Amino acid sequence: MASTVLTQTDLENSLPLVARGKVRDLYEINDATLLFVATDRISAFDVVMARGIPNKGALLSLISVHWFQVLSAAIPSLRTHFITLDLPGQIPVDLRPQYQDRCMQVRKLEVFKIEAIVRGYITGSAWSSYQKDGTVCGIQIQPGLEESEAFPKGPIYTPSTKADLGDHDENIHPEKAKEIVGARYANRIEELALSLYKHAAAYAYERGIIIADTKFEFGLDKETDEVILIDEVLTPDSSRFWPLDRYKIGESPPSFDKQPLRNWLTSQGLKGKEGVTMSDEVMAKTEALYREAFERLTGRRWTETLVGRAM
């Protein structure tokens with residue numbers, strides 16, 4: 001695929017646009033199939049930057065597909081919405097190079113209106129909450145933990161609402177999730193999310209990455225009444241990845257994500273401001289972290305992956 005930065009999609013009316021998100025644009029292929037297009041857009045502090053990160057969309061899509069394969073092998077009963085990385089025939093030939101690798105054909109499903117967050121380590125907003133009252137999302141946690149420490153009894157499930165674009169997700173207690181989607185589905189989502197996290201965390205740990213926390217999303221296959229894993233999976237955008245060799249309890253480790261961008265925005269007094277154009281240095285550092293995450297998790301060099309996909 002081309003290495004140019006793609007921040008706005010335009011399929012020249014070859015497919016109808018369904019929705020635009022912060023990073024992904026969604027098109028309809030047919031009544032049963034959607035096209036997820038991961039752009040190179042990047043957001044921080046709920047604001048999309050004016051400039052994107054080279055190759056970010058392809059990195060996100062290929063990491064997700066890798067996880068779909070790994071997790072399906074680990075959990076044979078798992079079903080996902082992923083169909084193929086191949087582009088649908090409707091996309092014009094001259095557009096195909098810039099969209100190859102950043103698109104996934106997926107099944108169209110009813111989306112559950114909760115986000116399934118699993119936390120293996122106490123950090124971020126969970127650490128802030130714990131410091132205040134000893135709880136995380138209303139769940140009582142044993143006293144005496146230090147920042148970035150693994151939860152002693154294993155990962156915890158802390159769902160959130162799934163807000164519309166422009167609104168903010170709200171952390172909720174697992175019991176509240178049952179009110180939103182129904183107890184039977186909520187229990188299945190919790191069970192699946194925890195199982196997925198445990199398998200993924202073990203896999204990543206062997207490759208030098210700690211998955212501190214992550215977010216899954218699920219849909220419903222109405223014909224079979226099955227809960228299906230959807231959306232992006234275990235990417236630097238949906239997860240907090242820490243390098244194992246730099247992990248230390250009591251400190252906040254660096255992460256394979258957009259932290260260089262967040263740090264730069266904060267230092268420049270640009271946090272939360274619209275229309276910001278990041279510097280070349282910040283863009284390069286951020287892309288390097290996404291690439292490193294891809295290469296550690298997949299065991300493949302990024303440049304070789306692109307060449308292989310183009311053949």
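1. His 66 counts as buried because its relative accessibility is 10% (buried means under 20% relative accessible area, exposed over 50%, and partly exposed in between, with a 1.4 Å probe and protein chains only). His 66 sits in helix H1; helices (H or I, at least four residues) and strands (E, at least two) are DSSP runs, numbered from the N terminus. Its side chain makes a polar contact of 2.8 Å with the side chain of Tyr 203. A polar contact is a pair of N or O atoms within 3.5 Å; within protein, one must be able to donate a hydrogen and the other to accept it, and residues adjacent in sequence count only if both atoms are side-chain atoms. Leaving aside neighbours within four places in sequence, His 66 is in contact (heavy atoms within 4.5 Å) with Tyr 203, Leu 297, Thr 298 and Arg 300.

2. A word on the source. This is a predicted model, in which local features need pLDDT of at least 70 and side-chain atom pairs count only at pLDDT 80 or more, while totals for chains, interfaces and linings use all residues. Residues are numbered from 1 along each chain as its sequence is written, and side-chain values use heavy atoms, with hydrogens and water left out.

3. Helix H1 (56-74) also takes part in the lining of the largest cavity, where H1 and strand S3 (33-38) each supply at least two residues. A cavity, on a 1 Å grid over the protein atoms alone, is a set of points where a 1.4 Å probe fits but cannot get out; a pocket is an open set with protein on both sides within 12 Å along at least five of seven lines; lining residues have an atom within 4 Å of a point. The structure holds 1 cavity of 30 Å³ or more. The space in the largest cavity is about 50 Å³, where a volume is the space filled by probe spheres set on the grid points, which are joined across faces, edges and corners.

4. Which residues line the largest cavity? They are Arg 24, Phe 36, Val 37, Ala 38, Leu 60, Ser 61, Ser 64, Arg 102, Met 104 and Glu 232. By class, this lining has 5 nonpolar, 2 polar and 3 charged residues. Here Ala, Val, Leu, Ile, Met, Phe, Trp, Tyr, Cys and Pro count as nonpolar, Asp, Glu, Lys and Arg as charged, and the others, Gly among them, as polar.

5. Two of the cavity residues also face each other in strand pairing: Arg 24 stands opposite Ala 38 in S3, and both are in the cavity lining. S2 and S3 pair in the antiparallel sense over 6 bridges (two strands pair if DSSP finds at least two bridges between them). The hairpin formed by S2 and S3 has 2 residues between the strands. Strand S2 (residues 24-30) also pairs with strand S1 (residues 17-20), again antiparallel, over 3 bridges. Leu 17 stands opposite Tyr 27 in S2, and a hairpin of 3 residues joins S1 to S2.

6. Strand S16 (residues 239-243) is mostly covered, with 4 of its 5 residues buried. S16 runs antiparallel to strand S14 (residues 209-221), and 5 bridges join them. The bridge partner of Ile 211 is Phe 241 in S16.

7. Leu 244 is in the loop between S16 and H6. Is Leu 244 buried or partly exposed? Leu 244 counts as partly exposed because its relative accessibility is 27%. Beyond neighbours within four places in sequence, Leu 244 is in contact with Tyr 205, Gly 208, Ile 209 and Ile 210. The C-alpha atoms of Leu 244 and Asp 169 are separated by 29 Å, and these residues are 75 residues apart along the chain.

8. The second largest pocket has a volume of about 190 Å³. Its lining includes Pro 243, Asp 245, Arg 246, Phe 256, Gln 259, Leu 289 and Arg 296. Helix H6 (259-267) and helix H7 (280-298) each supply at least two residues of this lining, which divides into 5 nonpolar, 3 polar and 4 charged.

9. Most residues other than glycine have a negative phi. Phe 45 has a positive phi, near 55 degrees. Phe 45 lies in the loop between strand S4 (43-44) and strand S5 (47-48), and is partly exposed at 29% relative accessible area. Ser 148 also has a positive phi, near 70 degrees. Ser 148 is in the loop between strand S11 (139-140) and strand S12 (156-157), and is buried, with a relative accessible area of 0%.
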